[in-house]
Every structure is written in C-alpha cells, then in structure tokens.
Amino acid sequence: ISDISGDIEHVLYTPEQIQERLRELAEQVDSDYADSDPLLVGVLTGAVMVMADLSRALRTHCTMDWMAISSYGSGTQSSGVVRILKDLNTDISGRDVLVVEDIIDTGLTLSYLVSNLRSREPNSLEIMTMFRKPEALQNSVDVKYVGFDIPNEFVVGYGLDYDGRYRNYTGLGTLKPEVYS
Ligand code: PRP
Ligand code: MN
Ligand code: MG
C-alpha cells in the first residue's frame, strides 16, 4: 500500500482538531438557524468532507444541494477563471442558504458564487469555510463561519486536493517536495 500520510511533510491540523472545531461551528449554526430549515449548498468537490461532517454534527433539520464550480484545473495556482459545471437542483428563492466550502484561497470562487446566488433572491445567504487563507481577505467576501485561518501554503486533505488526490487525507497538511516532481 502507498500510504497517503507518508506524503505529508507537515501536519497543520489533526483530524481531531478539525472535528472539534467543526462541532463548535455546528453549535453556532444550530442556534443561528433555530427557527429555519437551512439549505446547505456544498461546492463540489472539495466541500464533500465538511458537508458530510457538518450536516451530521447539526441538530437542526436541513436539506443539501450541490454546485460544481471550478477555478483551479489541475495545478496548484488559481487560474482566475470560474465556471459553473453543475448548477443547483433546488430553487433557493426565499430560502435560508448556507454555502459550505472547504477553503477560501483567493476568494474568487466565492465572490463569483455569492453574486450568482444573490441574484436568485434567497431569504438569507451566509458562508461557512473550514479553512481560509489571508489573500481571501482582499476579495472582501463576508464569511460568517470560519474554521481556521491558515498560512499561505499549498495544503491538502479534508477535501483539498493536489491533482485530484489527497482529498481523503483526514487531517490538513503540506506535501513533501518530492510529491510534486
Ligand atoms: C478549490 C477549493 C475552493 C476554491 C478556493 O476548489 O475547494 O472551492 O478552490 O479557491 P479561491 O478562493 O482561490 O477561488 P477547486 O477549484 O480546486 O475545485 P475542487 O473543489 O474540485 O478541488
Ligand atoms: Mn472547491
Ligand atoms: Mg481543487
């Protein structure tokens, strides 16, 4: 077996630290949405892990839908080009929508997504991300729930990929240099 964790150089967050933070965020969501039935919108593919864990940590009823948006391609740098690959199945007009992301890096994906979703006139629109990089702040997207602010390094795990792999690494870490070559 080629062990995934053998490719990790530095662990930024352990699975336990991620799950503990997630429980805190879930408590906030439970109290903020006490009187509504939020629609969680996960951004494929990176958000699958946080959606699965967040939704199960909630006590409130919720529904889920998915959008596929891509800005990265296969490299480690954002291309800056945002495309909708799959739209929602749900009409969000009048709904309380919570967008769920794994990471906000430059913020380009989210600023595009937020203006797109706002035009569909939801009752409310908030954002949760498990991780956020400092550059995201330049794109002035208002994020209500942030798991961890992290340094500007290329990281993988908990949904975040390098060339499609490492999403199933359960912590968050940097890759050994030899993995890229
Ligand atoms: C990653 C990540 C976010 C986005 C953040 O997705 O999951 O959705 O990039 O980057 P930004 O803030 O610079 O726009 P990616 O486009 O790699 O697609 P994926 O979720 O399928 O990996
Ligand atoms: Mn993504
Ligand atoms: Mg990606």
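A: Start at Thr45, which lies in the loop between strand E2 and helix H2. The letters follow DSSP: helices (H or I) are runs of at least four residues, strands (E) are runs of at least two, and both are numbered from the N terminus. This is a predicted model, in which local features need pLDDT of at least 70, side-chain atom pairs count only at pLDDT 80 or more, and totals for chains, interfaces and linings use all residues. Residues are numbered from 1 along each chain as its sequence is written, while chains are lettered from A and ligands numbered from 1 in the order in which they are written.

The predictor's confidence comes next. Averaged over the protein, pLDDT (the predictor's confidence in each residue, from 0 to 100) is 93, and 95% of the residues reach 70 or more. The model also scores ipTM 0.98 and pTM 0.94.

Most peptide bonds are trans.

Helix H2 itself covers residues 48–57, and its buried residues are Met49, Val50, Met51 and Leu54. A residue is buried if 20 or more other C-beta atoms, placed from the backbone, lie within 10 Å of its own, exposed if 12 or fewer do, and partly exposed in between. The buried residues of H2 are covered by, among others, helix H1 (15–32), strand E2 (39–44), strand E3 (63–70), E5 and strand E6 (124–132).

The largest one has 40 residues, and the members that touch the most others are Val41, Val50, Leu54, Leu98, Val99 and Val100. Strand E5 (residues 96–104) gives the most to this core, with six residues. In soluble globular proteins, nonpolar side chains tend to be buried together.

Neighbours within four places in sequence aside, Val100 is in contact with Leu40, Val41, Gly42, Ala47, Val50, Met51, Leu54 and Met128. Contact here is a matter of distance: the C-beta atoms of the two residues, placed from the backbone, lie within 7 Å.

Not counting residues up to four places away in sequence, Ser55 touches Leu40, Cys62 and Met64. From Ser55 to Ala26 there are 29 residues in sequence, and their C-alpha atoms are 8.1 Å apart.

Ala57 is another residue of helix H2. With 16 other C-beta atoms within 10 Å, Ala57 is partly exposed. Its contacts, leaving aside neighbours within four places in sequence, are Leu22, Arg23 and Ala26. Ala57 and Ala26 are 31 residues apart in sequence and 5.9 Å apart in space, C-alpha to C-alpha.

H1 and H2 meet at an angle of about 55 degrees, with their axes 9 Å apart. Axes are lines fitted to C-alpha atoms, for helices over the stretch in contact, and angles run from 0 to 180 degrees between N-to-C directions. H1 is therefore oblique to H2, given that angles under 35 degrees count as roughly parallel, over 145 as roughly antiparallel, 65 to 115 as roughly perpendicular and the rest as oblique. On the H1 side, the contact is made by Gln19, Leu22, Arg23, Leu25 and Ala26; on the H2 side, by Asp53, Leu54 and Ala57.

For comparison, look at helix H3 (108–118). Its buried residues are Leu108, Thr109, Leu110 and Leu113, and what covers them includes E3, E5 and E6. The loop between H3 and E6 holds Glu121, which has a positive phi of about 55 degrees although it is not a glycine. Glu121 counts as exposed because it has 12 C-beta neighbours inside 10 Å.

Methods. A nonpolar core is a set of buried Ala, Val, Leu, Ile, Met, Phe, Trp, Tyr and Cys residues joined through C-beta atoms within 7 Å.
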